[in-house]
Amino acid sequence: MITVAEALAALFALAPRMGTETVALRQAAGRVLAAPVVATRAQPPFAASAMDGYALTAHPQVGDRFQVVGEAQAGRHWPGQLMTGEALRIFTGAPVPDGANFVVIQEDTSRMSTELTIARDPGDGDNIRPAGADFAAGATLTAPRRLRPADLALIAAMNVPRVTVARRPEVSLISTGDELVMPGDEPGPDQIVASNTFGLAALFTAAGAQVRVLPIARDSHKAIMQAFDLAAGADLIVTIGGASVGDHDLVAPVVQSLGATLGFHKVAMRPGKPLMAGQIGAAMLIGLPGNPVSAMVCGHVFVAPVLAAMQGLPATPVPRHRAALLAPLPANGPREHYMRAQVSPDGIMAFDRQDSALLTVLAEANALLVRPVNDGPRNLGDVVDYIPL
Ligand code: AMP
Ligand code: MG
């Protein structure tokens, strides 16, 4: 058996790196930035008022009086030079005029016609956003990074309408098994519905992939061969099931007959021990266990990080968080255990039922509590690692 870390390293070594493409900002959410974004102008591009009020040449005292000489709005500056004793009516976002060094908020003033009086102590803050306070022209947003909503707002403010991102990995997903039917089909008495196929497709899509769910391949050499034909052109082919050493586990013989290089890994983890990895033409191949919860856990622990690396993000394991146990746990055995668990602000609690056939428990879980190999018994309050789901 190899460790989870060793298995992941073997997968990273096989992962092809995607090329890049340029997309409009509206298409860029969730994509991985492949080249730095450079601001074409400063933000704000001019000193701007942060409040509705009056621009003055200097910090005033209570009782000071000023003559209101004009008005500046957002998008429309006042062209003059402000002099001592003068005030300019100004609104949030408007350019602060030449000569002005202070904006008094309107709540601290009283006004009669064009005469302005300071009615209250205006405080120390000048209520002016200096030019370039947010970023200067030439400021960069570095790559690689997965673009979040705030990144898109920043790139837009930098006046950059298109960005260079990693191409989305194309993933073909092959489910195998005579016992499987698609959801909505009429299963025979000995059949079950293909389930993890749909969980994995959603997981890979969320990880930035473009996923094709291929028709279920029956347990025959010919059917699996046909599935690989349909998968042609994918960057990553993921097979589900059919990868043990049973008489009906035909994925490995078929891919080997297709000239693929293939490795088998018995990974010291629970759930999800058997894992296949290889290369078939230009595509990477990952063979996941068929057991629904095993397949999903392996999807989180192995495939999602591989997809991230394919898109140019650092080749690292899924980030872990830490939480205190809400209930004690017995000692763990020789395999890293990914326990279905519920995490809350109070702490983390593993479900009592950890059978890897239970999708109801996985659906209830919002975390995988990670028990290290041979971890001793754990007490209430002990801090443990978890992977958010
Ligand atoms: P296998 O590795 O093909 O022996 O599959 C192991 C177990 O997982 C068997 O009970 C299969 O019926 C089940 N299984 C395989 N593929 C799927 C799938 N796509 N959805 C749900 N269960 C599956
Ligand atoms: Mg099978």
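This is a predicted model: local features need pLDDT of at least 70, side-chain atom pairs count only at pLDDT 80 or more; totals for chains, interfaces and linings use all residues.
**Entry 1: the largest pocket**

I looked up the pocket itself and found that about 450 Å³ of space lies in it. Its lining counts 18 residues, and those closest to the centre of the pocket are Ala207, Ala304, Pro305, Val318 and Pro319. I then turned to the elements behind this lining, and noted that helix 3, helix 6 (292-310) and strand 28 (383-388) each supply at least two residues. By residue class, I wrote down 14 nonpolar, three polar and one charged for the lining. I also checked where the pocket sits: it lies between domain 1 (4-18 + 167-310) and domain 4 (321-388), because both domains give residues to its lining.

**Entry 2: ligand 1**

Next I looked up the surroundings of ligand 1, which is surrounded by 16 residues, the closest being Glu179, Ser195, Asn196, Gly242 and Gly290. I sorted this shell into six nonpolar, eight polar and two charged residues.

For the contacts, I noted that a nitrogen atom of ligand 1 lies 2.9 Å from a backbone N or O atom of Ser195, and that a polar side-chain atom of Thr197 lies 3.0 Å from a nitrogen atom of the ligand. On the oxygen side, a polar backbone atom of Asn291 is 3.1 Å from an oxygen atom of ligand 1. Taken alone, ligand 1 exposes 490 Å², and the protein buries 75% of that. The elements that give two or more residues to this shell are strand 17 (192-193) and helix 3 (196-206).

Technical notes
Residues are numbered from 1 along each chain as its sequence is written. Chains are lettered from A and ligands numbered from 1 in the order in which they are written. Side-chain values use heavy atoms; hydrogens and water are left out. A residue is near a molecule or strand if one of its heavy atoms lies within 4 Å of it. A polar contact is a pair of N or O atoms within 3.5 Å; within protein, one must be able to donate a hydrogen and the other to accept it, and residues adjacent in sequence count only if both atoms are side-chain atoms. Accessible areas come from the Shrake-Rupley method with a 1.4 Å probe; for residues, only the protein chains shown count as cover. Helices (H or I, at least four residues) and strands (E, at least two) are DSSP runs, numbered from the N terminus. Ala, Val, Leu, Ile, Met, Phe, Trp, Tyr, Cys and Pro count as nonpolar, Asp, Glu, Lys and Arg as charged, and the others, Gly among them, as polar. On a 1 Å grid over the protein atoms alone, a cavity is a set of points where a 1.4 Å probe fits but cannot get out, and a pocket is an open set with protein on both sides within 12 Å along at least five of seven lines; lining residues have an atom within 4 Å of a point. Grid points are joined across faces, edges and corners, and a volume is the space filled by probe spheres set on the points. Domain bounds come from an automatic or database domain assignment.
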